[in-house]
Structure formats: C-alpha cells, structure tokens
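Please read these notes with the sequence and the model open side by side, and follow each numbered point on the structure itself.

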Amino acid sequence: MTTYRIPEIAQRYLAYDMIQKHTDLPLFPDYRTRLLYAFLNNHSVLAGYSELYSLVTSLVQVGLDTHDGVSVNSDIKEQKAARSRQLKVLAGDYFSSRFYHLLAQAGRIDLVGVLSEAICEANRLKMNLYLAMKGAGLTAEEYLRQTVNVKAELYLSFGRLLEEKAGTIWSLLLRLITRCEVLLQEIQRSESSQHYRDSWGFWHVRQFGSKEEQTLLRQEEPDGSKLRAVWLKHKVTSQLYGQLEACMKDVQAAVQGLESEALRQELLSIGEPIRRYLSAPRATQKV
C-alpha cells in the first residue's frame with residue numbers, strides 16, 4: 001500500500017493563521033479516514049482515488065464537526081468569543097465546500113452526490129440525537145450508539161462503492177473503529193469537569209445517580225470538585241476504559257476475518273495507537 005499522508009495534505013486547507021489565532025478546530029478524524037484509505041487502496045478500481053476520496057471526506061467531516069462547536073447563543077457581546085463563533089461558522093463552510101472543488105477539479109463529480117446525501121443523513125441523525133437529549137429517557141448507551149451513528153455516517157456512504165464482500169466488513173469495522181474513537185474522547189472528557197455536559201458520564205449519572213446527583217447535573221455551573229466526586233463514585237472513567245478494551249477486541253476479531261493479508265496488517269496497525277493507550281499506566285486506574 002502507498003504511504004498514508006492524508007492528515008499532512010489536509011493541513012494545506014486547515015492550517016490558516018486567522019482560524020488558529022481566534023478559534024479551536026475539532027480533532028482530525030484520523031482513525032475513520034485511515035480506515036477508509038485502507039479499504040479504497042485495496043479496491044480493484046478505486047485504488048487510484050484512495051487519497052483524493054479520503055481527503056475530501058475528512059475535510060467534510062472536519063467542516064461538520066466545526067459547525068458542531070458553534071455556540072447556540074448568538075447574543076455574544078464579548079469580542080473574542082463573538083469572533084471565535086463567527087470563524088467557526090465560516091471555517092466549517094469553507095472546509096465543507098472544498099470537497100466540491102477538489103472533486104470537480106479531478107473530474108469525479110459522481111462522488112459529490114454520494115457525499116451530499118451522506119451529509120443530509122448525518123445532519124438528520126444529529127437532530128435526532130439533539131432531540132433525544134432534550135428528553136428525559138436517553139440512556140448512556142443510547143447516547144453512545146447515536147453519537148457513533150452520526151460520526152460514521154459520512155464514511156458509511158462508501159459502502160455502496162466497495163466490492164460486495166468488502167462492503168459487509170467495511171460497515172462493521174467502521175462502526176467499531178468509530179466507537180473506539182468516541183470512547184477515547186469520552187475518556188478524556190471524563191477526566192475534566194469542564195466538559196462533562198452531555199457526555200457519556202453525564203447520561204450515565206442521569207440514569208443511575210441519586211436525586212441529589214441529578215440535581216447537581218442540572219445546575220448551570222456545578223461545583224467541579226463535587227462533579228469529580230460523583231464521577232469517581234460511579235467509576236465513569238474505568239467503565240469507559242472497559243468498553244474501549246472490549247471494542248478493541250471486537251475490532252481484532254473482525255480483522256481476522258479478512259482475506260487480504262496486506263489489508264489485515266494495515267487495519268491492525270490502525271488500532272495500534274489505541275492498544276498503546278490502553279496499555280499505558282493510568283492516572284485514573286482507581287477511578
């Protein structure tokens with residue numbers, strides 16, 4: 001397989017001084033993008049477009065994720081916060097629009113329709129998740145499942161382009177890798193009381209916590225030390241680690257079913273950073 005260099009190429013479009021100075025961008029969807037690149041590179045026809053297709057899909061995803069970071073409060077009077085919000089809107093639009101230009105430039109207009117449909121479906125799934133968050137019955141596992149669906153949708157659209165046998169394992173592996181990616185982010189959120197709201201831990205405590213703990217979650221600015229104590233009591237971080245370990249075992253089992261040895265080794269290497277993360281000493285081992 002050719003060298004994977006999508007993150008480096010993407011920086012040509014993502015690394016703008018104005019954006020970096022005034023706002024933060026979401027994490028690059030590296031696990032999903034590398035998985036897509038590996039499958040396309042193994043395709044009998046699409047291998048020649050593996051880099052282009054993976055690049056434009058990652059840019060669209062960054063655009064969607066950037067828009068997710070826009071504050072719902074449009075009445076922002078503080079200049080720095082207002083500028084950050086405006087730049088998130090503009091940056092998200094710009095990143096998303098690049099896929100039209102890059103595909104048109106390469107004469108691959110057919111993929112524009114595929115990705116456009118996927119964007120619409122991803123937004124529909126996102127709205128369903130937001131509506132579920134407004135209700136009282138969302139469980140932590142349902143939150144995780146729906147979040148994975150939202151983040152995987154753009155990449156799932158390539159299933160129709162892959163050869164039949166590869167398309168089946170593609171869907172399974174993509175959902176598993178995306179779940180691992182989400183769990184990694186949730187672990188990091190669980191270790192910070194600043195990003196607790198609407199996290200897996202938030203919905204877990206909403207589901208299983210006491211009345212006093214649920215009252216704490218409903219506060220606009222709850223006490224960080226009290227939140228940390230609740231997270232420790234419910235073993236939020238250790239539960240997330242356990243789910244990540246189980247998910248990685250499922251990934252490894254699914255990869256073993258691949259016929260292509262080259263693809264199997266490539267996919268195992270994609271999961272290597274997660275395996276190293278799981279084997280590293282944990283500051284939250286007792287949580």
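1. Helices (H or I, at least four residues) and strands (E, at least two) are DSSP runs, numbered from the N terminus, and the expected span of a helix is 1.5 Å times one less than its number of residues. The model is a predicted one, in which local features need pLDDT of at least 70 and side-chain atom pairs count only at pLDDT 80 or more, whereas totals for chains, interfaces and linings use all residues. Residues are numbered from 1 along each chain as its sequence is written, and side-chain values use heavy atoms, with hydrogens and water left out.

2. The overall picture comes before the details. The protein has 14 helices and zero strands, and of its 287 residues 48% are buried (under 20% relative accessible area, with exposed meaning over 50% and partly exposed in between, for a 1.4 Å probe and protein chains only). Where contacts (heavy atoms within 4.5 Å) link residues at least 6 apart in sequence, 74% of them join residues at least 24 apart.

3. Helix α7 deserves a careful look. This helix covers residues 140-156, 17 residues in total, and its first and last C-alpha atoms are 23 Å apart, close to the 24 Å expected at 1.5 Å a residue. At valine 150, α7 bends by about 30°, where the bend is the angle between axes fitted to the seven residues ending at a residue and the seven starting there. Because 14 of its 17 residues are buried, α7 is largely enclosed by the rest of the structure.

4. Valine 148 itself is found in helix α7 and, at 6% relative accessibility, counts as buried.

5. Leaving aside its neighbours within four places in sequence, tyrosine 143 is in contact with a list of residues including Leu129, Met133, Asp198 and Trp203.

6. Aspartate 198 is found in the loop between α8 and α9 (200-208), where it has a positive phi of about 60° although it is not a glycine. At 28% relative accessibility, aspartate 198 counts as partly exposed. Lysine 235 likewise has a positive phi, of about 50°, and is not a glycine; it lies in the loop between α11 (224-233) and α12 (236-255) and is partly exposed at 44%.

7. Two packed helices are described by the angle between their axes and the distance between the axes. Here axes are lines fitted to C-alpha atoms, for helices over the stretch in contact, and angles run from 0 to 180 degrees between N-to-C directions. Helix α6 (residues 110-134) and α7 pack at about 165°, with their axes 8 Å apart. They are therefore roughly antiparallel to each other (over 145 degrees; under 35 counts as roughly parallel, 65 to 115 as roughly perpendicular and the rest as oblique). The residues making this contact include Leu125 and Leu129 of α6 and Tyr143 and Val150 of α7.

8. A second pair is formed by helix α3 (residues 30-41) and helix α8 (residues 164-190), which pack at an angle of about 160° with their axes 9 Å apart. That makes α3 roughly antiparallel to α8. Among the residues that meet here are Tyr31, Leu35 and Phe39 in α3, and Trp170, Leu173 and Ile177 in α8.

9. Arginine 98 is found in helix α5 (residues 79-105) and, at 18% relative accessibility, counts as buried. Apart from neighbours within four places in sequence, arginine 98 is in contact with Tyr13 and Leu59.
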